[in-house]
Amino acid sequence: MRIEVKVPVGDGAGHLTRDISTIKPRGEYTDTQSGPQADTQPVIVQPQGANVFQVTPQSGRIEGFAPGDYMVLTLENVTVAPTAGVAVLMVTETIRTSKGWQVSDATVPVVKAAPKEIPAPRDFRPDKAMLDAGEDLALSWDGSDDFRYEIRFPGGRADIPGGTRTWSPAEAPKRATTYILAATDPTTQKQHFLTTTVQVRYPVLETLTATTGIDTPWIQGTANKGRVTFTGTGVEIFNNSGGLGTVHADRADLNGVNTE
């Protein structure tokens with residue numbers, strides 16, 4: 001006896017799955033006639049080509065189905081094709097009879113419903129809209145556990161463990177930073193994106209190029225806190241303690257000097 005099950009493979013309404021290689025098949029044959037009690041034994045299920053499973057007995061004593069006998073074939077881990085419709089599995093049974101080999105065909109329809117769309121995530125937010133230097137940041141959002149989440153940021157990305165709705169960067173941002181939450185539907189691969197931007201009160205910039213000037217009332221150093229203040233008549237120089245400071249220069253070209 002041999003049974004072949006042809007699985008329609010593809011993405012259309014009449015297809016069951018995109019790829020049968022992910023399917024885990026198993027089967028059992030139950031003989032209800034040869035003994036006082038029903039005898040159930042496993043059968044061998046093997047893929048044949050790109051879209052067929054072949055079922056054969058483990059022993060040679062099953063020549064065919066007697067009245068009352070039955071077999072259960074289970075296909076597990078099926079990634080169902082996304083388009084709704086009816087997928088028809090073709091079943092071909094080949095048995096030996098007194099007149100030779102006999103072939104019988106049957107069909108097994110499987111109804112596929114369109115996958116239910118997962119509601120999009122929402123309310124991606126920081127716990128603080130403005131951060132001081134070195135202050136910790138926590139981002140949170142609302143959304144379904146069915147999504148795969150990741151957060152993208154300048155220079156990197158972070159996968160979010162299942163069931164988690166909060167995330168903190170390993171290092172606090174040093175300047176205004178935009179974070180992107182990407183949520184992926186594992187069934188349809190549809191993605192949703194949410195963004196939020198965090199401001200830093202005293203940003204640290206690696207470089208700054210201004211093509212139309214910089215407007216600021218004062219400039220302060222980083223390691224040394226001396227300050228240059230702009231006034232209505234010029235500039236004032238202050239030292240770390242806030243008192244008037246000293247200007248050091250290799251050369252000064254002056255039109256005049258006012259001094260006490």
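Arg227 sits over the face of Trp218, 3.7 Å from the ring centre; a charge is taken to sit over a ring if NZ of Lys or CZ of Arg is within 6 Å of the ring centre and within 35 degrees of the ring normal. The model is a predicted one, in which local features need pLDDT of at least 70 and side-chain atom pairs count only at pLDDT 80 or more, while totals for chains, interfaces and linings use all residues. Residues are numbered from 1 along each chain as its sequence is written, and side-chain values use heavy atoms, with hydrogens and water left out.

On to the overall build. The protein chain has zero helices and 18 strands, with helices (H or I, at least four residues) and strands (E, at least two) being DSSP runs numbered from the N terminus. Its radius of gyration, taken over C-alpha atoms, is 37 Å, well over the 18 Å that the globule rule (2.2 Å times the number of residues to the power 0.38) gives for 260 residues, so the chain is more spread out than a compact globule. The C-alpha trace spans about 130 × 35 × 35 Å along its principal axes. Of the 260 residues, 25% count as buried; that term means under 20% relative accessible area, with exposed over 50% and partly exposed in between (1.4 Å probe, protein chains only). Accessible surface, from the Shrake-Rupley method with a 1.4 Å probe, comes to about 17,500 Å² for the protein chain, and 50% of that belongs to carbon and sulfur atoms. As for contacts (heavy atoms within 4.5 Å), residues 24 or more positions apart account for 55% of those with a separation of 6 or more.

Next, the cores. A nonpolar core is a set of buried Ala, Val, Leu, Ile, Met, Phe, Trp, Tyr and Cys residues joined through side-chain atoms within 4.5 Å. The largest one has 16 residues, and Phe124, Leu139, Trp141, Tyr149, Ile151, Trp167 and Tyr179 have the most contacts inside it. Strands β10 (139-142), β11 (148-153) and β14 (177-184) each give two or more residues to this core, with β14 providing the largest share, three residues. Apart from this core lies another, of 15 residues, including Ile20, Val43, Val55 and Val91.

Leaving aside neighbours within four places in sequence, Trp141 touches Arg122, Asp123, Phe124, Arg125, Tyr149, Ile151, Ile160, Thr164, Arg165, Thr166, Trp167 and Leu181. Trp141 also belongs to one aromatic cluster with Phe124, Phe147 and Tyr149.

Rings of Phe, Tyr and Trp (its six-membered ring) pair if their centres lie within 6.5 Å; planes under 30 degrees apart count as stacked, over 60 as edge-to-face and the rest as tilted. By this rule there are six aromatic pairs. Trp141 and Tyr149 make a tilted pair, because their ring centres are 5.6 Å apart and their planes stand at 55 degrees. Both Trp141 and Tyr149 are buried. Phe153 and Trp167 are stacked, since their centres are 5.6 Å apart with planes at 25 degrees. This pair links distant parts of the chain, with Phe153 in strand β11 and Trp167 in strand β13 (residues 166-167), 14 residues apart. Phe153 is partly exposed at 27% relative accessibility, whereas Trp167 is buried at 14%.

Asn77, although not a glycine, has a positive phi of about 60 degrees, and is found in the loop between β5 (70-76) and β6 (85-97). Asp123 is not a glycine either, yet has a positive phi of about 55 degrees. Asp123 lies in strand β8 (residues 122-126) and is partly exposed, with a relative accessible area of 42%.
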